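Have a go at each task before reading its solution.

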Amino acid sequence: MMNAHVCPPASLAKNDAALWLKTLAKYRQPRIGRSAFELLVTIVPFAGFWAVAYFSLASGFWYGLIAIIPAAAFLLRLFMIQHDCGHGSFFARRGLDDWTGRAIGVLTLTPYDYWRRAHAAHHASAGNLDERGVGDITTLTISEYRSLSLTKRFGYRLYRHPLVMFGIGPAWLFLLKQRLPFGMMTGGALPWISTMATNVAIGIGAALMARAIGFLPFLLIHLPIVLLSGTAGIWLFYVQHQFEETHWSAGEDWRFPQAALHGASHYDLPLVLRWLSGNIGIHHVHHLSSRIPYYRLPEVLRDHPQLARIGRITLWESFQCVRLVLWDDRNQKLVSFRDAADAADHAA
């Protein structure tokens, strides 16, 4: 049974979620030296493991390609730095954050300004049933699903299937979808400029690497790194919002503090995975105060341990979340297709 249902103490009642905004404000200031160190201890190992994979391939030692796995882990961590830059929380200097994020975006194949705008929309509307569709995973209510035609039901089931969500999904997102920022045509040209500039930079970088080491070796190394990293990233994003007792509401019932604190999980990972994922598992705190640098999120739980109990999900428990695909308005929780069908049969 997942721990996300544990009832918070009275001081953490949902109506009091807004009080935490003021409490968390003191953690928002980054430490510039620490931020630079975090960037250094991420980019250097990434480059090192990339080089090990290449020299192993060039020397015929195929077993050395195992270095692709840690390289993907450090690329994921680079994405978490890019993520903090998008929130203006890594250096807290807008220009430095933006250009750091744009440079990392060439490695992660993620146009920074395009992604930053979509992610901002996600933060502003997470858990709001009236504003779904931008920067989040499509989630239907039981009634919405039942109102669909058989063809559209099949499409939704296919979309939510693990092989599509975590197999085809990363390739579609990082290799194709993010190459053209459709859906970002309004509100200025920056997402388009950023996307095209990132595409050009990726093309130039790939051409230089292909000239230096050969196109096939470059493809055999970097493509798996990007896809493995992308799969891990999508998994983290999925689990952080698709857990049983997450929060969804509509209209005047939706409140940002409540949706942030109770609509995102505390994905309590082992220490190594926590470090490699940039503490993104402390997602409920991040949603409530996105300007807190990722390396200061553990400070929040240390000083306020009662927050650690809200929406807590362990690594083992997280695998159960894959089956949760529909929002049950009546019982206020995510359920599986089978649970929804059983409930309908029981009601009938």
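Predicted model: local features only at pLDDT ≥ 70, side-chain atom pairs only at ≥ 80, totals over all residues.

**Exercise 1. Check whether the span of helix α2 (residues 32–59) agrees with its number of residues.**

Step 1: helices here are DSSP runs of H or I with at least four residues, numbered from the N terminus. The expected span is 1.5 Å times one less than the number of residues.
Step 2: with 28 residues, α2 should span 40 Å, and its end C-alpha atoms are 41 Å apart, so the two agree.

Residues are numbered from 1 along each chain as its sequence is written, and side-chain values use heavy atoms, leaving out hydrogens and water.

**Exercise 2. Find which residues of α2 are buried and what they pack against.**

Step 1: buried means under 20% relative accessible area, with a 1.4 Å probe and protein chains only.
Step 2: the buried residues are Ser35, Glu38, Thr42, Phe46, Trp50, Ala53, Tyr54, Ser56 and Leu57.
Step 3: their packing partners are α3 (68–86), α4 (94–108), α9 (190–213) and α10 (215–239).
Step 4: Phe46 and Trp50 are also among the residues with the most contacts inside the largest nonpolar core, which has 65 residues. Such a core is a set of buried Ala, Val, Leu, Ile, Met, Phe, Trp, Tyr and Cys residues joined through side-chain atoms within 4.5 Å.

**Exercise 3. Compare the UniProt "transmembrane region" feature with the model.**

Step 1: the unreviewed UniProt entry places this feature at several spans, including 36–55 and 158–176; such annotations may be inferred rather than shown by experiment.
Step 2: residues 36–55 are 100% helix and 0% strand, with end C-alpha atoms 29 Å apart.
Step 3: residues 158–176 are 95% helix and 0% strand, and their ends lie 19 Å apart.

**Exercise 4. Describe how α4 meets helix α5 (residues 112–125).**

Step 1: the axes, lines fitted to C-alpha atoms over the stretch in contact, come within 9 Å and cross at roughly 110 degrees.
Step 2: angles of 65 to 115 degrees count as roughly perpendicular, so α4 is roughly perpendicular to α5.
Step 3: contact means heavy atoms within 4.5 Å; Arg94, Asp97, Asp98, Gly101 and Arg102 of α4 meet Tyr112, Asp113 and Arg116 of α5.
Step 4: Asp97, Asp98, Gly101 and Arg102 are among the buried residues of α4.

Technical notes:
Helix = DSSP H or I, 4+ residues; strand = E, 2+ residues; numbered from the N terminus. Buried < 20%, exposed > 50% of the residue type's maximum accessible area, 1.4 Å probe, protein only. Axes fitted to C-alpha atoms, helices over the stretch in contact; angles between N-to-C directions. Parallel < 35°, antiparallel > 145°, perpendicular 65-115°, else oblique.
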